[in-house]
Amino acid sequence: YQVADAVMLGHPAEVLQRLRQAQIAADGARTGPAIVAAVAGSVRQLIALSAAAPGLSDADLARQVGVPPWKLRTLRAQLRRWKPAQLAQAVTLLADLDARVKGGLREGEQLDAAQKLHALERDLIALSVE
């Protein structure tokens with residue numbers, strides 16, 4: 001989730017640092033799908049927050065977005081740097097990245113571990129600088 005927070009706040013250097021720390025901590029285990037899922041979850045929360053009706057109480061808004069009330073402050077700060085078109089692009093990019101880190105987009109297009117890590121780093125850094 002630290003990678004997702006760095007992406008959403010627009011800190012590319014921290015994204016790279018956190019990704020590499022996760023790889024070291026995982027000791028060879030596949031972390032790509034979990035990291036992509038965490039970032040996608042953050043994007044979904046921002047989309048839900050941006051689509052919420054104005055005037056809701058924090059409790060109602062938190063319920064609608066699916067987060068605890070304390071998380072709304074973080075989400076509001078993150079949402080300030082994202083335009084609706086950027087969120088839509090993020091959904092598309094993350095769907096493509098998810099397919100690549102899980103195996104490949106088409107039959108016979110399997111990526112090796114280094115290629116998956118490169119795709120993960122490249123795409124998440126790109127998201128963080130939008």
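Not counting residues up to four places away in sequence, E121 touches L16, L19 and R20, where contact means heavy atoms within 4.5 Å. The structure is a predicted model, in which local features need pLDDT of at least 70 and side-chain atom pairs count only at pLDDT 80 or more, while totals for chains, interfaces and linings use all residues. Residues are numbered from 1 along each chain as its sequence is written, and side-chain values use heavy atoms, with hydrogens and water left out.

E121 sits in helix α7. Helices are DSSP runs of H or I with at least four residues, strands are runs of E with at least two, and both are numbered from the N terminus. Is E121 buried or exposed? E121 has a relative accessible area of 12%, so it is buried. The term buried stands for under 20% relative accessible area, exposed for over 50%, and partly exposed for what lies in between, with a 1.4 Å probe and protein chains only. One of the residues that E121 touches is R20, which lies in helix α2. R20 has a relative accessible area of 45% and is therefore partly exposed. The C-alpha atoms of R20 and Q110 are 22 Å apart, and 90 residues separate the two along the chain.

Now take the chain as a whole. Its secondary structure consists of seven helices and zero strands, and from the N terminus on the order of elements is α-α-α-α-α-α-α. The chain has a radius of gyration of 16 Å, close to the 14 Å that the globule rule gives for 130 residues, so the chain is as compact as a globular protein of that length. The radius is taken over C-alpha atoms, and the rule is 2.2 Å times the number of residues to the power 0.38. The C-alpha trace spans about 50 × 30 × 25 Å along its principal axes.

Of the 130 residues, 36% count as buried. Consider the contacts between residues at least 6 apart in sequence: 64% of them join residues at least 24 apart. The accessible surface comes to about 7,500 Å², and carbon and sulfur atoms account for 57% of it; such areas come from the Shrake-Rupley method with a 1.4 Å probe, and for residues only the protein chains shown count as cover.

The next topic is the interior. In soluble globular proteins, nonpolar side chains tend to be buried together. A nonpolar core is a set of buried Ala, Val, Leu, Ile, Met, Phe, Trp, Tyr and Cys residues joined through side-chain atoms within 4.5 Å. The largest such core here has 32 residues, and those touching the most other members are V7, L94, L120, L124 and L127. Two or more residues come from each of α1 (2–9), α2 (12–26), α3 (32–51), α4 (58–65), α5 (71–79), α6 (84–102) and α7 (113–129). Which helix gives the most to this core? It is α3, with eight residues.

L87 is found in helix α6. With a relative accessible area of 4%, L87 is buried. Beyond four places away in sequence, L87 touches V43, L46, I47, S50, L79 and W82.

Helix α3 holds Q45. Its relative accessibility is 19%, so Q45 counts as buried. Leaving out residues up to four places away in sequence, Q45 touches V65, V67, K71 and L75. The C-alpha atoms of Q45 and L111, 66 residues apart along the chain, are separated by 30 Å.

The loop between α2 and α3 contains T31. At 13% relative accessibility, T31 counts as buried. Its contacts, leaving aside neighbours within four places in sequence, are A22, Q23 and A26.

K102 belongs to helix α6. Apart from neighbours within four places in sequence, K102 is in contact with R30, P33 and K116. K102 and G32 are 70 residues apart along the chain, and their C-alpha atoms are separated by 7.8 Å.
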